[in-house]
Amino acid sequence: MKKKAITTLLSLAFILLALVGCSGAEESNSASDGEKTIEFMHLWPEGSSAKHNKIVSDIVADFESQNEGITVDVEVLSNEQYKDKIKVLATSDELPDVGLTWAAGYLKPYVEAGQFAPLDDLLEGELADSFVSGTTEPYAIDGSTYGLPLELNVANIFYNKAIFEEYGLEAPETYEDLKNVITTLKENEVAPIALGNKDSWTGSMWYMYFADRIGGSEALTKAISGDGSFEDPALVKAAEKVQELADMGAFIRGTNGISDQEAKSMFMNEQAAMYLIATWDLPNYTTNEQVPQEFRDSVGYFKFPTVNGNGDKDSFVGGPGVGMFVAENSDVKAEAKEFVSFFIKEWGEKSVKEAGVIPATKVDAESMELPQMYVNVLNDLNNASNLTLFADVQMNPDAAQVHLDQIQALFGGEVTPEQFAEAHEEALSKQE
């Protein structure tokens, strides 16, 4: 299976090589005069990602000024161009000394081909205790970590405080509280929860949180990895809770035919009172001046409730964004690792203050002038006990599609919780 994955990657890369052409002779990264050059590729062009681009440029300039004799040669590509070129370079084992990667399934073929260097020395050394709990694990394979994450997104339930206040409601602490809120809103003809489950990953987050609260932080991950089972009673119970909410009309009508963007629009137009989404949406509720200030002021958030007294509200569903890798065959591997360490340390506060990004590293939110919601989220992350990576990202593409299809079927009442669990077991049994 591993050989097949690598072969597929390389075959695709050769095709891409033919399409995009060679990038020309790579410059040597070790000059004869003792000067050293670190080749660094990233995916934030100045035109489309100006804030990210500036942060990178500033960090590179700072690194060069503090490390005489080392130059960082930066190449910037758009997201898709980046993905294509990395594949091309991998075919000839000419990856840049430092680049960006995604976690889990994306990272795996490069690791299996021996092209990414282990970064455990950084993680256990000068970056020890720097990362939010659960953010580096998706970059680990067989006990070694091959990428260090820059970004992080976790899901919370955002809610319209004005609507809640109008009907005498408070942010729910427990599932029972949540059901009472839903009942009250329905009695007053207010749609309780905006959910665009046409995209499925949105509904998956509801299932994942129920699985976490009922079965604990490892039940779902173990089921996906094969160390546990989707037929675990806790995971079946989680599916029952999803259908319980669907049956009581908690979600907007026709949720399986509505996209996430449409659901978001309903929440932001005050046509629904609650919306479960990750923190990439924070600017809409804080700093996005295209969103009316009155609405931004009316939005709050709460952590996913406990269920029947079970669950840890500091355990989150979410996932890290891109991370940094070092090429295994780099001629300047030591310097490349120094650059990665420097970059990670500098990125944290800069990314929050200058781009509104939630970093994967812990930051001192109290020391920065930020909207209170950012401060609260950052404090939550500093105290997070667990982060469970989005389920479909944890699975291979075929199993992930079954998961997403089954989520739609679950919300639509087309399968029982037991059938939902059985379908997952069958799909995951074919994963290895």
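1. Let's start with Asp 129, which at 65% relative accessibility counts as exposed. Here, exposed means over 50% relative accessible area, buried means under 20%, and partly exposed is in between, with a 1.4 Å probe and protein chains only. Asp 129 sits in the loop between helix 5 (120-124) and strand 4 (140-141). Helices (H or I, at least four residues) and strands (E, at least two) are DSSP runs, numbered from the N terminus.

2. A word on reading the values: this is a predicted model, in which local features need pLDDT of at least 70 and side-chain atom pairs count only at pLDDT 80 or more, while totals for chains, interfaces and linings use all residues. Residues are numbered from 1 along each chain as its sequence is written, and side-chain values use heavy atoms, with hydrogens and water left out.

3. Please look at the backbone of two aspartates. Most residues other than glycine have a negative phi. Asp 129, although not a glycine, has a positive phi of about 65 degrees. Asp 93 also has a positive phi, near 55 degrees. The loop between helix 3 (79-91) and strand 3 (98-101) holds Asp 93, and this residue counts as partly exposed at 37% relative accessibility.

4. How many aromatic pairs does the structure hold? There are 30. Rings of Phe, Tyr and Trp (its six-membered ring) pair if their centres lie within 6.5 Å; planes under 30 degrees apart count as stacked, over 60 as edge-to-face and the rest as tilted.

5. One of these pairs is stacked: Trp 44 and Trp 347, with 5.3 Å centre to centre and 15 degrees between the planes. Trp 44 belongs to the loop between strand 1 (36-42) and helix 2 (50-66) and Trp 347 to helix 14 (residues 333-355), so the pair ties together parts 303 residues apart in sequence. Trp 44 is buried at 6% relative accessibility, and Trp 347 is buried at 1%.

6. Phe 158 and Tyr 285 make a tilted pair, 4.9 Å centre to centre with 40 degrees between the planes. This pair links distant parts of the chain, 127 residues apart: Phe 158 is in strand 7 (residues 152-160) and Tyr 285 in helix 12 (residues 282-285). Both Phe 158 and Tyr 285 are buried.

7. Finally, Lys 83 lies over the face of Trp 102, at 4.7 Å from the ring centre. A charge sits over a ring if NZ of Lys or CZ of Arg is within 6 Å of the ring centre and within 35 degrees of the ring normal.
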